[in-house]
Every structure is written in C-alpha cells, then in structure tokens.
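Hi,

Here is the structure I promised to pass on. Have a look, and my notes follow below.

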Amino acid sequence: MLLYQIAFSLLFEKRNRIALQWLEQYGSAGEAWKHLTEKGMGEAMARAERELAFVETHHISTYWCQDEGYPFHLRQCPDRPLLLFGKGNMRVNEGKVVSVVGTRNATDRGKELTRQLVLDLAKRVPNLNVISGLAYGIDVAAHRAAIEAGIPTIAVPGHGLDRIYPALHRNVAVAMLEHGGLLTEYVSGTRPDPWHFVARDRIIAGLADAVVVVESKAKGGALITAQMALDYDRDVFACPGRPSDEQSQGCNNLIRRQKAQLITCADDLIEAMDWAAAAAPVQTEIVEFSTPLTDVQRTLLDKLHEQEDGLHINMIVMETGMDYAQVANELMMMEMEGLVKSLPGGMVRALK
C-alpha cells in the first residue's frame, strides 16, 4: 500500500487538489492507480520503489492523508500534502501547536525575543509543540529554545530527509529527534531549491494553532507563511519593532493592516488564544516605566482613559485628528511599554 501512496504522490506532485479528488472517488491510492492513464506512471513507480527502500532502511515514518495518524490540522487545508515523511519522535496530534517564523537575518533582539517567548510558553502551556523551518535566524532560535525548554519541536525542511540544510544546523536537527523531529513532503534526493521552501511554508502554517512572526523585512518568506495561515483561518501574531527597524517592517505592516495581532510576550499569546485555563500560573512582577510620555502619547492615553472598555483605532484617529500611521506606531510603542493593550477587532484599551 505504501508503495502506491508514494508513487501516487509523486505522480500528482503540485496537483494535490486533483489527487484528492481521485482518492475521494476510488477510496485509496492503490485503487485509483488502477484507473489512471497519466503519463509518467512507470517513472513514478520506479522512483517510488527506490524511496520505499530508503524509508525502510532509515526507519522513516510516513503519514498518508487518509490515515488516522495524519496531522489533523493539515486535514483542514485544501492543498495539504498527500504524503509526509517524518524522522524522530513526533506526536503531531497532541497538545497545542505554535509555529514561530521570521527572517534569516535576525537581530540579537529578535533571537532573544524568540527564545524568551518559547521558554515562557513552555512553562505556561502544557503539551506545547513548536514548529519552524530550521533556517538561519528566527527559525533555528525557536528550535533551540524548545530544546532548551525540553519540549517537542518539529522542523519542516524544503528538501528530502537524506540531508540537512543548512548543514550548520545538523546538531540542532539531531537534538530534535528525541522530542520532535523532521517532517517533509519531499522524497530523498530532493534538493533545497528556493521554490521548495515556499511550498513547505504551507505545512508550517497548516500544522499550527497559531503562527507567530517575530521579525520580518517588508518582504520575506515569513510573510508568505503568515498569509497562508490566514488563508487557513489560523490565528496570526506579530512582534512589533520600532518604525525605523528594517527587520521589523514586515511585522509592523502585518499589525497595521490588521492581519496579525500584536504580541510582546507569552501572556499576550495565551490570552488571545484563550489558553489561560490550561496555562500554569506565573508570578508577575510590577515594572515601573521611567520613560516620560510624549505629548502625543499623553493625548492618546487620555483619550483611551475616557472609555474603560477601550476604543477602536479608527475612532481614536477620528477623534484626535492624527494620521492613522502615526497613531498605530505610537500605540505600538506604548504597548511595548505596558501602557496600553491591543484587543481583537482593532480595539485598544489603556492599562495605566
């Protein structure tokens, strides 16, 4: 049966939706294969035989789209992979799943923010799984933090399981195998070509309950993942940065366009996802902010204090007469200082 599943997935590579229609009609890859008249069937079967030998030799786990063990989050995605190959100790259908992504050229601030976010979530959220792509920057920082916290973390590479890319992260990949591992739709021998990483982003997005973008330039792969997550009706979050920070422009734009909720810490994510009931209590520390308010910030804070339940950002713009971008940027910086809180639907509430 696995032989036909591999051959079927190879034959319909990049045509997942059509393949799923065949499976729905005939019930299984083996039965569908009997009715196919596609070109390249012989080549696909020969390649499948070689891949089956690789899977058996290297003890690779497989997840077929019709099987019970297939990731249930991905079942909701219309372009889901037909077959996944996994290496490690993965429990893809247990606990909460957070995908953490971002730029490969991460700042030290972004890496530390990623680390602290994952460590704090690991303390607060039972059975947490962290997903990312094993790339430089934010991706590997998320994996390393999960390993440090002793929680499962899964990498979704853009190539087959006969290699690790980048090679520098081989030790991280090996460390992940005990709790988590590697999960890909690509057969062995598949090279880490750029278009493979774009395709794999849909898996990172689809596997998750929530996707967090820590840092991103105005254009970048993390933004593709975020858009895919939105298309799959996943919750998307972004960590803000200063308007002048190049590595935060993508995150700031996601927040400004209301495509992502602003978060600055684990508690923000837990509250937004309504995971508080399952989260362990944590001792909070009162922090006094010595930075004086600007005249603009004081105006915004005074306006927010007029409504205990908060105001919509559009209402703030209208009532203050300020530019939308200016208001959005000031509120973002005020939230980082713990002065205001962003709420779902574009609402903002004063905290101090």
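**What turned up**

Glutamate 330 touches Thr294, Val296, Gln297 and Leu300, leaving aside residues up to four places away in sequence (contact means heavy atoms within 4.5 Å). Glutamate 330 sits in helix α15; helices (H or I, at least four residues) and strands (E, at least two) are DSSP runs, numbered from the N terminus. From glutamate 330 to proline 81 there are 249 residues in sequence and 42 Å in space, C-alpha to C-alpha.

Before the rest, some ground rules: this is a predicted model, where local features need pLDDT of at least 70, side-chain atom pairs count only at pLDDT 80 or more, and totals for chains, interfaces and linings use all residues. Residues are numbered from 1 along each chain as its sequence is written, and side-chain values use heavy atoms, with hydrogens and water left out.

Helix α15 also gives the largest share of the lining of the second largest pocket, seven residues. That pocket is an open set of points on a 1 Å grid over the protein atoms alone, with protein on both sides within 12 Å along at least five of seven lines; lining residues have an atom within 4 Å of a point. The second largest pocket holds about 660 Å³, a volume being the space filled by probe spheres set on the points, which are joined across faces, edges and corners. Its lining counts 35 residues, with Ile255, Ala260, Gln261, Leu262 and Ser342 nearest the centre.

Cheers

Conventions:
1 Å grid on protein atoms, 1.4 Å probe; cavity = no way out; pocket = protein on both sides within 12 Å on 5 of 7 lines; lining within 4 Å.
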